Amino acid sequence: QILYLKPPWTLANLLKCYKKHWMAVFGYIVPRSLLSTIECLYKYLCTGKIVDSSTAGILLQESKNLLHAFSSRSDYNGVLPRAYAEVNKLYQTLTEDLSEDIMVLSENAACEKMEAMTPNLQNCEEKMSHPSFHVAQENRHQEIWSVLEAVWNTINLYSIEIFQKLDPNAVTFTAKSSFEEAFLGLQKLLAAVNDIREGISR
């Protein structure tokens, strides 16, 4: 009866309604910390920002979190499970494509460099013994290391936030997020680490 924007809604209108009525309505249905998810979706989907593949993965994961939260209230006549399945399918396709693209690009780049430097070699298996391959691999290792280091730094930051909330005297650090945000961040980070582990396994 009292609504910020009347239907029919665009995605931007819907997210604006979420934000406007979050404290009075939606915050009582799902965890209030999910407001950051709404703001993230609005920032990238409704403001004309360019979304790269890694950001798309984050947005799909955020969408899954939101749909999962609302599933505890209702299945909305079957609409919500179908929406969740489609978003999850997109997420799986994206992560698989990214993994394949990274592998193909790495292999192609290594082979092209080796072919240019050692034209007499017949195939990539022979070229793998060439120093240029090891240089390419070393660069790749450094990239992987930087990603894992960033993951560790994030875990460390959120851990400090959580332990400070549990015992303010344990750590002298200025809190920048709420306990709920830190806990939610760790859950998202766990999913990201699992994706990295699966990628390494593949």
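**Reading the chain**

Analyst: Buried residues make up 25% of the 202 residues in the chain. The model is a predicted one. The chain exposes about 13,900 Å², of which carbon and sulfur atoms supply 59%.

User: What does the secondary structure of the chain come to?

Analyst: The chain has seven helices and zero strands; from the N terminus on, the order of its elements is α-α-α-α-α-α-α. Of the contacts with a separation of 6 or more, 40% join residues 24 or more positions apart.

User: How many disulfides does the structure hold?

Analyst: In general, a disulfide is a covalent bond between the sulfur atoms of two cysteines. The structure here holds zero disulfides.

User: Is cysteine 40 buried or exposed?

Analyst: A residue counts as buried under 20% relative accessible area. Cysteine 40 has 16% relative accessibility and therefore counts as buried. Cysteine 46, with a relative accessible area of 22%, is partly exposed.

User: Where is threonine 37 found?

Analyst: Threonine 37 lies in helix α2, which covers residues 35-45. Its relative accessibility is 0%, so threonine 37 counts as buried.

User: With which residue does the side chain of threonine 37 make a polar contact?

Analyst: The partner is glutamate 62: the two side chains make a polar contact at 2.6 Å. Setting aside neighbours within four places in sequence, threonine 37 is in contact with Glu62, Leu66 and Lys188.

Note on methods. Residues numbered from 1 in each chain as written. Predicted model: local features only at pLDDT ≥ 70, side-chain atom pairs only at ≥ 80, totals over all residues. Heavy atoms only, no water. Disulfide = S-S within 2.5 Å. Buried < 20%, exposed > 50% of the residue type's maximum accessible area, 1.4 Å probe, protein only. Helix = DSSP H or I, 4+ residues; strand = E, 2+ residues; numbered from the N terminus. Polar contact = N/O pair within 3.5 Å; in protein donor to acceptor, adjacent residues only side chain to side chain. Contact = heavy atoms within 4.5 Å. Areas by Shrake-Rupley, 256 points an atom, 1.4 Å probe, with all protein chains shown as cover.
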